[in-house]
Amino acid sequence: MEETIDFDKVGAMAGKVMHDVAGAVSLMMAYLGDQAGVFAAMDGEGPITLDQLAAKTGMEPKYLREWLGSVSAAGYVDFDPVAETFYLPPEKALVFTREGQPACMQGFIQAVIAQYEMHEKAVDVFRSGKGRPWSDHSQCLFCGTDRFFRPGYAANLVSNWLPALDGVVERLEAGAKVADIGCGYGSSTVLMAKAFPRSTFVGIDFHEPSISAARKQAAEAGVTNVSFQVAKAQDFAGDGFDLACIFDALHDMGDPVGAAAHIRAALKPDGVFMVVEPMAGDTMAENMHPMGQIFYGFSCMGCVPASLAQEVGLGLGAQAGEKRLAAVLNEGGFARVRRATQTPTNMVLEARN
């Protein structure tokens, strides 16, 4: 069958790819500016010349000239062609350099760079269908993942998500026992421990280096009502929990049904299981937007390979959707599952016996 090529469509697609290449380069430039402290040096400085910025940072002006050209063309920095000055307004500083702000995107960018860092491994795993343990990724991915999620948890966990669960805040204020499963660097665990000093918290993760980082973070925060253990969601120690939480990690597990069953057994009869997952519709068609594009991509490179490297290897993926997640929780023994609340990037499910 002879092909008919619509070259207008070819040009449109080539233009889209060029736009995406520009975006990929811009993320690398944003990462350089973050790691080298250039964004931080520009924050609050007002319009600044190349020579002034070079003097302030001590960096080579020839490199800074090219970097400024790229980030200015991307719109990340404002450029005045008459005065030949560069300016990082506060709105852009929130995105590129103000650590801990919900709008700061550097953790997300760092996680993307980490995937490119080990691209050969990613190709091998994708082609072969093998699993890839979480521990097999770049250390930069662990740092970037925590750095990205931490501001969102700080903005929503205590003020919005926990209050959306029936009666949970009252129990935490009185003194409850809480398990934070898949806690990673412990940011969510520490946030809750600081907010509810009468309660006790156990952070659990199967990745020992992350637990070491979590213990360090808890010590630096000065919280004493928290402990950590290296364990899987299917076999962690302890019972009698009032609340169990999993933040953005259930879909990464090889056996999320087994995890749910173990968590149910570890809860008190009236205990609550809070599951925070990436926002997604129940069908792929509902996820055809930029956020879905990002989540599917990260899922292909990190979430599904992590699941396939574990027992069962269910491979839910980061866009599983509420219906599929609820079915997993039901199969694990939770009779009642409801969406308690949501943000543009997350859904919060409440599961009870």
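Predicted model: local features only at pLDDT ≥ 70, side-chain atom pairs only at ≥ 80, totals over all residues.

**Exercise 1.** Determine what volume the largest pocket has and which residues lie closest to its centre.

*Solution.* The volume of the largest pocket comes to about 1000 Å³. Its lining consists of 29 residues, and those closest to the centre are Ala24, Leu27, Val112, Gln293 and Ile294.

**Exercise 2.** Identify the elements that give two or more residues to the lining of the largest pocket, and state which one provides the largest share.

*Solution.* Two or more lining residues come from each of α1 (7-35), α5 (90-96), α6 (106-117), α7 (119-128) and α13 (290-308). Within the lining, α1 provides the largest share, with nine residues.

**Exercise 3.** Classify the lining residues of the largest pocket as nonpolar, polar or charged.

**Exercise 4.** Describe the second largest pocket by its volume, its central residues and its contributing elements.

*Solution.* First, the volume: the second largest pocket has about 290 Å³. Next, the lining: 18 residues surround this pocket, and Pro102, Phe148, Gly152, Thr345 and Asn346 are nearest its centre. Then, the elements: α8 (139-161) and α13 each give two or more residues to this lining. The greatest contribution is that of α8, with seven residues.

**Exercise 5.** Assign the lining residues of the second largest pocket to classes.

*Solution.* Twelve of these residues are nonpolar, five are polar and one is charged.

Methods
Residues numbered from 1 in each chain as written. Heavy atoms only, no water. 1 Å grid on protein atoms, 1.4 Å probe; cavity = no way out; pocket = protein on both sides within 12 Å on 5 of 7 lines; lining within 4 Å. Points joined across faces, edges and corners; volume = space filled by probe spheres on them. Helix = DSSP H or I, 4+ residues; strand = E, 2+ residues; numbered from the N terminus. Nonpolar A, V, L, I, M, F, W, Y, C, P; charged D, E, K, R; others polar.
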